[in-house]
Amino acid sequence: MRIVFNNFYRFSLLFFVTLIADIIVKITFEVSIYRFISKSLVIILLSVFYILNQKESSKFKMIYMLGALLSYWIGDMMLILHKIEVYNMLGLSFFIIGKLFYVFRFSNSKDFDLLKLFPFLILFFFYLVSVFILIQNNLNDYYYLTLVYIFVGLVLIIFALLRKSEVNNSSYYVVLMGILCSVFSDSITALKSFYDKDFAFHIVTIMLFYGLSQYFIVMGIVKETNPEVLKFKK
């Protein structure tokens, strides 16, 4: 197992084959036991890779990362049954919890200067508000849950940006790529659910950007704690 999980390129190949397989299962079966298995494998592979390769400076940071991945996995299982409203709401709630765990993992005790991030925050804020404006009239029971989701998402963006002076550049930008992919996945999901049912090839793009977001975040954190593992190994 370590032959694969201790090698960035072998693991990445395995992960993307699994992600593509899950998208194919989603297109073919939608709700089935196969989807529960294929979608679970996406998070399970990332969790195993993280556990085997992380060198966190604090056990709490590891707990936050595993808490985030576990929350996303539970949310994934709930959202497979998204046509049942209670499962859909539970799925979104666990995604909020997952984002909060990532916020805790990204946080640090040093002072930070929000003024330097102001242009980026304004850009993200107006983007998220624009999406909310498009869907607000159709949210109904999801109105407040969506507001919380957007707020926590914005906080996550802030803390991801604040990592810049605390970690190496490659870790910072890889995690930021993950956050951007998460924003795209969330936006497409929201617009598909509450604005246009056939938005942006959603059957493929939601899971693709979601998988990429988790992949880049985990890779970025591993790059922060154990840079050697992401170097080429024969």
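Visitor: What makes Tyr72 a lining residue of the largest cavity?

Guide: Lining residues have an atom within 4 Å of a cavity point, a cavity being a set of points on a 1 Å grid over the protein atoms alone where a 1.4 Å probe fits but cannot get out. In this predicted model, Tyr72 is listed with Phe95, Lys99, Tyr149, Ser182, Asp186, Tyr210, Ser213 and Gln214. Helices H5 (85–106), H8 (169–194) and H9 (202–225) each give two or more residues to this lining, and H9 has the largest share, three residues. Local features need pLDDT of at least 70, side-chain atom pairs count only at 80 or more, and totals for chains, interfaces and linings use all residues. Residues are numbered from 1 along each chain, and side-chain values use heavy atoms, without hydrogens and water.

Visitor: How do you know how many residues of this lining are nonpolar?

Guide: Ala, Val, Leu, Ile, Met, Phe, Trp, Tyr, Cys and Pro count as nonpolar, Asp, Glu, Lys and Arg as charged, and the others, Gly among them, as polar. The lining therefore divides into four nonpolar, three polar and two charged residues.

Visitor: What makes a residue of the chain count as buried?

Guide: Buried means under 20% relative accessible area with a 1.4 Å probe, protein chains only. Of the 234 residues, 47% count as buried.

Technical notes
On a 1 Å grid over the protein atoms alone, a cavity is a set of points where a 1.4 Å probe fits but cannot get out, and a pocket is an open set with protein on both sides within 12 Å along at least five of seven lines; lining residues have an atom within 4 Å of a point. Helices (H or I, at least four residues) and strands (E, at least two) are DSSP runs, numbered from the N terminus. Buried means under 20% relative accessible area, exposed over 50%, partly exposed in between (1.4 Å probe, protein chains only).
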